[in-house]
Amino acid sequence: MKKEDGATIEKIVSLCKRRGFIFPGSEIYGGLANSFDYGPMGVELKNNIKNAWWKRFVHMRDDMVGIDAALIMNPKVWKSSGHLATFSDPLVECKKCHHRFRADKIESKKCPDCGGEFTQAKQFNLMLKTFLGPVENEESTVYFRPETAQAMFVDFKNVLETSRKKIPFGIAQIGKAFRNEITPGNFIFRTREFEQMEIEYFIKEEDWKTVFEMWRKEMWSWMTDNLGLDKKNIHELDVPKDELAHYSKKTIDFEYDFPFGKDELYGLAYRTDFDLKNHFKEPPYEDIEVKEKFYPHVIEPTWGLDRSVLAVLCEAYKEEAERVVLKLPAKLAPYKVAVFPLLKNKPELVKKAKEVYDLLKKEFTVAFDERGNIGKRYYSQDEIGTPFCVTIDFDTLEKDDVTIRDRDTTKQERVKISDLVKKISESLNA
Ligand code: ATP
C-alpha cells in the first residue's frame, strides 16, 4: 500500500537505514529475526518522543509519579496477573512445511507459503523465558516482562507510601517489554523486544467512565499535538467483548493508517480492580477521611514507543519534486538546526561557522556540514527532518547575520547571530 505522498514501508526502511535512524540488529552476523537497533538519528527521535511523553504526562501533572522497575520480576507476579495461564496467542502450524502462524491474524485457510493444511489452533504463551543463576531448572525459570504494567501494581503500596498521593492518581513507566511473537513483522511494528510507555491510573470504581473519557481525549491530543499525526489517519476501535484481554471490561484501540494497512498504535483499557486484587490479599488503599479500605480501580492508557516512532516517520515522510523531506514536528527532530560554512576552503567562513555552531550547541542539538554544495546539504538535512539550516557567508563576516532556511517552506531570511537562539526557540515552542 502507498500513501498519496509516497510513504511505502520499503521507502521508510531504506531511509531509516541510509540515514542512521534504524538498522537491522546484529546485521554483520546475518541479523536476528526482526530485531532492530536505533542508530544516531533514531535514538534522538525516540528519546525526544519519550521526553515529550514524560514531560506531558508526569512532570506537567500533579496526579502522576513515575517508576523504573526491573525487567525480570518474581515469576509469582506472572502467576498472579494471569499471564502464565492466559497470555497467549492462537498458533497454527502448516502440516506440510511446518511454518507457524498466528491463527487470528492469518486471512487464508491454507498455508500462504506452500498451500498446505493447518493443524488445529493451540494456545502459545508469549512470555520469553530464561533462567536466573547457574542452575537451569523449573525453580530458576524467570520471564522477561511482557508489559511494563505489572510493576505499577506490584509497587503500588511502596509508591503510595513514599509519594503520599491520593486517588485519583497515576503511576507511569517507560521501558522494555518482551513477547515471543509468533509472527513478528512490518519493520518495528511488531518485534519481540520493544518499548512501552504506560500509565496505570487509580480511581474509585464509580468514576471509571469519566476517567476513561479523560484519557481518551489525552491520547487524541498526544497523537495530534505532540506527534503531529493527522486526525484522518487515526481510528478508534471499540474492542468487541469476546476479544477483550482477560483483565479488561472495556478497551479502545487507537489504530493508525500505516503504509501496510490500518493497525493498532495504542490501547486504552479499563482494567477494573483485577490486578490489585490479584496481588494484594488486603485492600492496599485507605481513604483516610472516611477510614475506608478498598481496592482502587484502574484505567490504563498504553503507548507503544516503537510504533510511535514508526507512525511519526510514516506521517512525516513526504516526497516532493526535488527532495524527500521528513516534516517532523520540530520538537521531535533529531537535530533542531544545521550550520554550514558557505565554502569549505575559506578558513574565515569555517571559523565563523564553528563559532555559530558552538553557540547553538549550548541550546539545541546541532549538525555541522561543510561537504559539497549548499543545495545538497539542505536536501541532506531535509531527509532527516532538521527544521532549520543556517549558512555562514561573506556577508556574515561583515554584518554578523546569517541565512536561515526553513525546512518546510524552503524560504530563507537573514537573521542576526545574536537573535538566532531566540528565533529557533520560538518556533520550537510554537
Ligand atoms: P497486538 O494486538 O498488535 O498484538 P496488543 O493489543 O497485544 O497488540 P497491548 O498488550 O495492548 O498490545 O500492548 C500495548 C502497546 O504496546 C500496543 O498498543 C503497541 O503499541 C505496543 N506493542 C504490543 N506488542 C508489540 C510488539 N510486539 N512490538 C511492538 N510494539 C508492541
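Strand E11 (193-203), strand E14 (261-272) and strand E17 (297-304) each contribute at least two residues to the shell around the ligand, strands being DSSP runs of at least two residues numbered from the N terminus. Strand E14 provides the largest share of this shell, namely four residues. The model is a predicted one, in which local features need pLDDT of at least 70 and side-chain atom pairs count only at pLDDT 80 or more, whereas totals for chains, interfaces and linings use all residues. Residues are numbered from 1 along each chain as its sequence is written, and side-chain values use heavy atoms, with hydrogens and water left out.

Among the 15 residues around the ligand, those that come nearest are Glu181, Arg190, Thr191, Glu264 and Leu265; a residue is counted as near if one of its heavy atoms lies within 4 Å. Sorted by class, the shell comprises six charged, five polar and four nonpolar residues, where Asp, Glu, Lys and Arg count as charged, Ala, Val, Leu, Ile, Met, Phe, Trp, Tyr, Cys and Pro as nonpolar, and the others, Gly among them, as polar.

An oxygen atom of the ligand lies 3.2 Å from an N or O atom in the side chain of arginine 307, and a nitrogen atom of the ligand lies 3.3 Å from a polar backbone atom of phenylalanine 189, polar contacts being pairs of N or O atoms within 3.5 Å. The protein buries 86% of the 590 Å² that the ligand exposes when taken alone, as given by the Shrake-Rupley method with a 1.4 Å probe.

How values were computed. Polar contact = N/O pair within 3.5 Å; in protein donor to acceptor, adjacent residues only side chain to side chain.
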